[in-house]
Amino acid sequence: LRLMSSSHTVLIADDEPELTDLYATWFDEEYDVRTAYSGKSAISQFDSDVSVVFLDRRMPTYNGDKVLEDIRAHEHDCPVAMLTAVDPDVDIVDLPFDEYIVKPVKRDQIKETAQRLIAESQSTHNSEVLDVLGDQKARHLFSYLVERSTTAKELGEATGLSLPTIYRRLNTLHQTRLIEEQLRVDAE
């Protein structure tokens, strides 16, 4: 187990490669950028490192609505901005996106949207973090992990907490993205 990094990743998914690549250049100085030219590619590149998604609604085969549904089913909850040429209609009422932007879009507009959505997400995340760190046992484990990567068994030996208690608190710390889990094969 170890601490998580704090850089931000933007995932841009659109079936028009030239447009997707243009958007990527607008972000590449400030963020890690991932580009996907299809819905399937967007899902394969989505993970807990993604801070915000810009998603086209009208992609062939696997459209943006389906990608959005899959993202929301994922354990990691991040903001999603629909970035599309389709004007909003009543069909968007039930879609769980955070922002709806109609193309064409300007550089300043898309960058401001990313900054705002990430800031709002961080604000919510910070509140969750404070709740988690309000738990004395979670705080104790976290402070131990700040200085070293270790196993749950070693945490138990160092802190005197039971393994079930440790696993519950580690799960909570992991869900708030304060730590990340790594697997390694024990030689024995």
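**Group meeting: a parallel sheet and its central strands**

Let's start with a pair of strands: β4 and β5 run parallel, joined by three bridges. Within that pair, Val53 sits opposite Val80 of β5. Keep Val80 in mind. We will come back to Val80.

A word on the model. This is a predicted model. Mean pLDDT for the protein is 83. Of its residues, 89% reach 70 or more. One stretch needs care. Over residues 1–6, pLDDT stays under 50. The model has 24 contacts beyond four places in sequence for that stretch.

Five strands make up an open sheet, and the pairing is parallel. Reading across, the order is β3-β2-β4-β5-β6. Which strands are at the edges? They are β3, residues 32–36, and β6, residues 99–102. Each of those pairs on one side only. From one strand to the next, the twist averages 20 degrees.

Move to the β3 side. Strand β2 covers residues 9–13 and pairs with β3 over five bridges, in the parallel sense. Look at Ile12: its bridge partner in β3 is Thr35.

Next, the helices. Helix α1, residues 17–27, packs on the sheet. Helix α1 touches β2, β3, β4 and β5. Its direction makes about 175 degrees with that of β3. Helix α3, residues 64–73, also packs on the sheet, where it touches β4 and β5. The angle between the directions of α3 and β5 is about 175 degrees.

Back to β5. How many residues of β5 are buried? Five of the five, so the strand is largely enclosed by the rest of the structure. Here is the general rule. In a regular strand, side chains alternate between the two faces of the sheet. Now the strand itself. Val80, Met82 and Thr84 point one way from β5. Ala81 and Leu83 point the other way.

What does Val80 touch? Leaving out residues up to four places away in sequence, Val80 contacts Val53, Leu55, Leu68, Ile71, Arg72, Phe97, Asp98 and Glu99.

That brings us to the cores. The largest nonpolar core has 20 residues. Which of them touch the most other members? Phe46, Val53, Leu55, Val67, Leu68, Val80 and Met82. As for its sources, β2, β4, α3 and β5 each supply at least two residues of this core.

Buried or exposed? Thr84 counts as buried, because its relative accessibility is 1%, and the cut-off for buried is under 20%. Its side chain makes a polar contact of 3.4 Å with the side chain of Asp56. Beyond residues up to four places away in sequence, the contacts of Thr84 are Asp56, Arg57, Arg58, Tyr100, Ile101, Val102 and Lys103.

One more stop, further along the chain. Ile179 lies in strand β7, residues 179–180. Ile179 is buried, since its relative accessible area is 1%. Phe142 is 37 residues away along the chain, and the C-alpha atoms of Ile179 and Phe142 are separated by 8.1 Å.

To recap. The open sheet has five strands. Helices α1 and α3 pack on the sheet. In β5, five of the five residues are buried. And residues 1–6 have pLDDT under 50. Thanks.

How values were computed: Residues numbered from 1 in each chain as written. Predicted model: local features only at pLDDT ≥ 70, side-chain atom pairs only at ≥ 80, totals over all residues. Heavy atoms only, no water. Pairing = 2+ DSSP bridges. Helix = DSSP H or I, 4+ residues; strand = E, 2+ residues; numbered from the N terminus. Axes fitted to C-alpha atoms, helices over the stretch in contact; angles between N-to-C directions. Contact = heavy atoms within 4.5 Å. pLDDT = per-residue confidence, 0-100. Buried < 20%, exposed > 50% of the residue type's maximum accessible area, 1.4 Å probe, protein only. Core = buried A, V, L, I, M, F, W, Y, C linked by side-chain atoms within 4.5 Å. Polar contact = N/O pair within 3.5 Å; in protein donor to acceptor, adjacent residues only side chain to side chain.
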